[in-house]
Amino acid sequence: MVNIKRYNDFVINEEWSKNDPIPELSKSEKLGIILLGAPGVGKSTFVNNFIIPRVRSIKSFSTDDVSLMFTKDPNVYYKGASDLNISRLKKFIETGQSFIYDTTGTQDKPVYEISSLSRRNGYTLIFIHLVASLDTSLSQNLKRDRNVDPDYIKFAYDMQYKNMKGYSEILN
């Protein structure tokens with residue numbers, strides 16, 4: 001059964017069947033989720049409303065959260081937040097606990113590093129790419145606490161598709 005419904009300003013296509021569309025979320029140990037998408041596409045909403053309720057013992061790593069910790073202002077980016085986020089995540093992976101790496105995917109090197117480290121540490125690794133139109137990302141951006149420069153959103157929107165082929169090869 002497919003159900004199209006609205007959640008805030010997002011249209012969600014929910015599917016209920018005997019098959020779980022993301023069966024890895026039922027796995028209790030060593031699950032790594034790499035969540036990709038342009039700013040404003042709804043990654044945080046997806047994590048808070050669809051992953052966390054199903055996988056309670058999972059920690060999310062977001063550069064936005066690290067930046068906010070230093071600046072206390074969601075509209076000010078802390079230089080070095082991305083590197084610090086990656087360093088924290090790498091240490092966390094060594095614990096064997098489940099994680100979500102929330103990223104735009106514009107920089108492929110950190111995605112490859114996290115993927116490789118996760119594999120070496122025995123994680124089940126899944127990629128979730130949230131996609132919306134560029135116009136949706138731009139309009140959602142205006143409704144958020146943290147507004148991202150529209151030029152960066154356009155850049156991220158273009159880069160995610162350029163990098164996606166390489167990311168898909170990680171899983172093979």
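The protein chain contains six helices and six strands; here helices are DSSP runs of H or I with at least four residues, strands are runs of E with at least two, and both are numbered from the N terminus. Along the sequence these elements follow the pattern β-β-β-α-β-α-α-β-α-β-α-α. The model is predicted, so local features need pLDDT of at least 70 and side-chain atom pairs count only at pLDDT 80 or more, while totals for chains, interfaces and linings use all residues. Residues are numbered from 1 along each chain as its sequence is written, and side-chain values use heavy atoms, with hydrogens and water left out.

Of the 172 residues in the chain, 41% count as buried, where buried means under 20% relative accessible area, exposed over 50% and partly exposed in between (1.4 Å probe, protein chains only). The accessible surface comes to about 9900 Å², with 51% of it belonging to carbon and sulfur atoms; these areas come from the Shrake-Rupley method with a 1.4 Å probe, and for residues only the protein chains shown count as cover. Among contacts (heavy atoms within 4.5 Å) between residues at least 6 apart in sequence, 70% join residues at least 24 apart.

Turning to the sheet, four strands form an open arrangement in the order 4-5-3-6, with parallel pairing; two strands pair if DSSP finds at least two bridges between them. Strand 4 (58–62) and strand 6 (124–129) are the edge strands, each pairing on one side only. From one strand to the next, the twist averages 20°. Strand 3 (residues 31–36) pairs with strand 5 in the parallel sense over five bridges, and G32 has F99 of strand 5 as its bridge partner. Helix 4 packs on this sheet, touching strand 3, strand 5 and strand 6, and its direction makes about 170° with that of strand 5. Axes are lines fitted to C-alpha atoms, for helices over the stretch in contact, and angles run from 0 to 180 degrees between N-to-C directions.

A closer look at helix 4 (residues 108–120) shows that its 13 residues should span 18 Å at 1.5 Å a residue, and its end C-alpha atoms are 18 Å apart, which agrees; the expected span is 1.5 Å times one less than the number of residues. Within helix 4, P110, V111, I114, S115, L117 and S118 are buried. Because these residues cover an arc of only 170° around the axis, they lie on the same side of helix 4; the arc is that of the directions from the helix axis to the C-beta atoms. K109 and R120, on the other side of helix 4, are exposed.

In strand 5 (residues 98–103), T103 counts as buried because its relative accessibility is 12%.
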